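Here is a note for a colleague who is meeting this structure for the first time. The points below go from a pair of helices to domains and then to chains.

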Amino acid sequence: MKENIVIVGGGIAGLEAAAQLLELGYKPIIIEKSDRLGGHVADWNCLFPDMSPAKDVVSSLIARSAEANIFLNTEISFVNKLKDSYNIMLSNGISIITRIILMTTGFSLFDASKKEEYGYGIYDQVMTNRDLEDWFNTGDDKRINDSAMNAVGFVHCVGSRDEKARNSQCSKVCCITAIKQAIELKQKFPDAMIYCFYMDLRMFGKKYEDFYINAQRDYGIRFIRGRVSEVGENIDGRVIVKAEDTLSGKPVKVTLDLLVLMAGMVCNPDSTKVANMARLPIDSDGFLKSKDNVADIIESPKEGVFYAGACTGPKTVPETLAEARAAALKIYLYIKGLE
Amino acid sequence: MDFGFKLSPSSAINLDKVDLEKFEELHRAEPDVYKCMACGSCTSTCPANKYSGMSMRKVILALQRGKEKEAVSMMRNCMLCGKCTMVCPRGINTRHLILSICRIYEEDVK
Amino acid sequence: MIYQGKQKIWADYQKEIPDNHWFYVRSCIRQNFFPGAEKMFMEICRGLLKKDFFETEHHTTCGGIAYHCDTIPQETVMTIVARQFALMTEAGYENYVASCITSFGNYIEILETWKEFPELETRIRELLWKACRREFNKPKYVAHASDLIYKYRNEIAARAKYRLVNRFTGEPLRAVEHIGCHYAKMFPARGIGGAEYPYVLCGMIESWGGNVIDYPERRHCCGYGFRQYHVKANRGYSLSNTHKKFESMEPYHPDFILTNCPGCPYFMDRWQYVIAETEGKTYGENGYGIPVLTYEELASLVLGYNPWDIGLQLHQVAVEPLLDKLGIEYDPKEKYKGLNEKELMRPELPGVLRCC
């Protein structure tokens, strides 16, 4: 089958959709701006709630989609709408005529340094959820000193549910990620006191609540309901965190050896760029706008353009994979309809 | 010298200074004490609450914030009726918990 | 502390400041608190740097304290401010510089409010006309006086007689900088360096050779807080906030504190005395306090002015330990002499805080 299918983004959504389309007998084209596949998941160490290794998920996806035409280090220079197709010009000089575009452009991690009061990039002992995953992977980060990890804090909702940071949406996965990371740190440093500062805990997914109870009961992670308002640095380089313990209605202060900021998901500027070229609408939250947010989340209002994964809003890994499969089927039926 | 004003006491909780030794002991005896998610079901159903301020939720919190006296004075008003055990969605055996608190925080109860 | 991280933020919050031709307005209270400061501002800008700074005796309070104490409505403050703008317009100036942080915040807040609600500006123009038959142009640029000393900091450094270096050890002096709340907390983009890591005073300290201390309660209020102090029943809160800051900066052993607000230096200076007398605690070396300076006073010291000519004898906390570290020569006998050698009264010495 000769039908060109262009998949924009080689993260897990793009790879899963490509794998499904290959099984359906097509040979999709994956365009990936970075030099490797797997997107954000490839940076992660273990995935909640069963602690499955992220690299297993990614390598299996890469193996299953290996037959696709994959362009790494490639960006989209422009998109022209032709009569009943699109002309896509790539940064490597190749141009593709296609009737079908699948946007799997994903999200960007919120830049935690924008929340200046938390001192990311200024105070020595402040890191993000991604930095911590990187440490789980490499064991190399000068912020984590094995012999001095007595108290660690997690700040939920960094750049999420935050109108001032221009992201009013909930990033969905950070609550459970914080619990996962808190447990992992507690396993590595059993004597450390671990605090989670949260506004709400949104344990919506399968087994999430069990994971949360686990964190409380078996690991003794301390949950403090209150958003961290300000972080300062002590004379010995540790951080001092201020919040309100809203359950007792009192301000609370604690000195920590490490503070982990749960940076949220925001729309990917590259996604917006491609959307503008293809004249795709943007929703009020900055993510791509679906034809319908209930019934047609994977369809764009434009003919032949489909979405899968976090390009339309924060999603978990299983949700993203499910959307990618649904999009592959939708594309298959769409092509059948054209014939 | 008296200026007619002086330093005001701070209401802030400094977690660095909270001694949790007894709470750790309580946690060993009652692992479920950490499962409380502060929903308040216990408090709203407590017959002593409206008249005495007894709140199981607040007791659990106060013990973790170094306010043992406050917790114990609330608990004096408990009548061990068992309503809180019935309503707790996390299945905490509050009756057992209360008795463990009385044992471990014996000095504060006096 | 990652210094480059701060530099990145500082680079995001820079503002263009016109170099010359300013309409200067003084603060209501600074001339009582630190009378040398505003005089020295004019001396440095006008006398030394030969810039054009104009001031008029017709200028009044901006109404900021009354506004923040909830004793006058916003329209009243706006009309008072409109009159100040009218004075500027009549004098032929477009750049407006305020000595007081609360005034600065007040002006910025009012201009931003008029931007959002132009009908309010129209109404204030009417009220001003009815009240005193004046008309005004809005300033093209509003600065705080510390913005200008910041702007001229390198020119001052080039003429400096002293560097902020401890002459006994050769080490840079350790400085705590304290920014008035109304400088940038309301409109972070209007302050040099923003609101979380303001650079306006850091820039001066660095340029003149000192080291800036960042301590946990750096952002905390000085303790003045208008109603905290003005209502006597709340005065303990004022003292407690100041105490919190001193407890937090104590381990860093600062050599001095630099401020850019009328209230902050006053309360951080005077409350050290009250803390010493009530708690028996002092924060400087050998029973002294930590000297608290305004940026004009520090600039003047660096430029080599006589400490007693710039009003340092009016500080509660003795500045002599700092003068000794800077290597500034002074005559202790001259400390309480005013203009034309007139003998000023001598203050009673406190019981605990060492002052000489």
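1. The axes of helix 1 (residues 21-29) and helix 7 (residues 94-104) of chain B come within 10 Å and cross at roughly 140°, and the crossing of helix 1 of chain B and helix 7 of chain B is right-handed.

2. Where these helices of chain B meet, Lys22(B), Glu25(B), Leu26(B) and Ala29(B) of helix 1 touch Ser100(B), Ile101(B) and Ile104(B) of helix 7, contact requiring C-beta atoms, placed from the backbone, that lie within 7 Å. By class, the residues of this contact of helix 1 with helix 7 of chain B are four nonpolar, one polar and two charged.

3. Chain A is divided into domain 1 (5-106 + 268-338) and domain 2 (112-265), with bounds from an automatic or database domain assignment. The centres of the two domains of chain A, taken over C-alpha atoms, are separated by 31 Å.

4. Between the chains, the contact of chain B with chain C takes seven residues from chain B and eleven residues from chain C. The side of chain B that touches chain C has four nonpolar, two polar and one charged residues.

5. Residues are numbered from 1 along each chain as its sequence is written, while chains are lettered from A and ligands numbered from 1 in the order in which they are written. As this is a predicted model, local features need pLDDT of at least 70 and side-chain atom pairs count only at pLDDT 80 or more, whereas totals for chains, interfaces and linings use all residues.

Key. Contact = placed C-beta atoms within 7 Å. Nonpolar A, V, L, I, M, F, W, Y, C, P; charged D, E, K, R; others polar. Axes fitted to C-alpha atoms, helices over the stretch in contact; angles between N-to-C directions. Helix = DSSP H or I, 4+ residues; strand = E, 2+ residues; numbered from the N terminus. Left-handed = near helix turned anticlockwise from the far one by under 90°.
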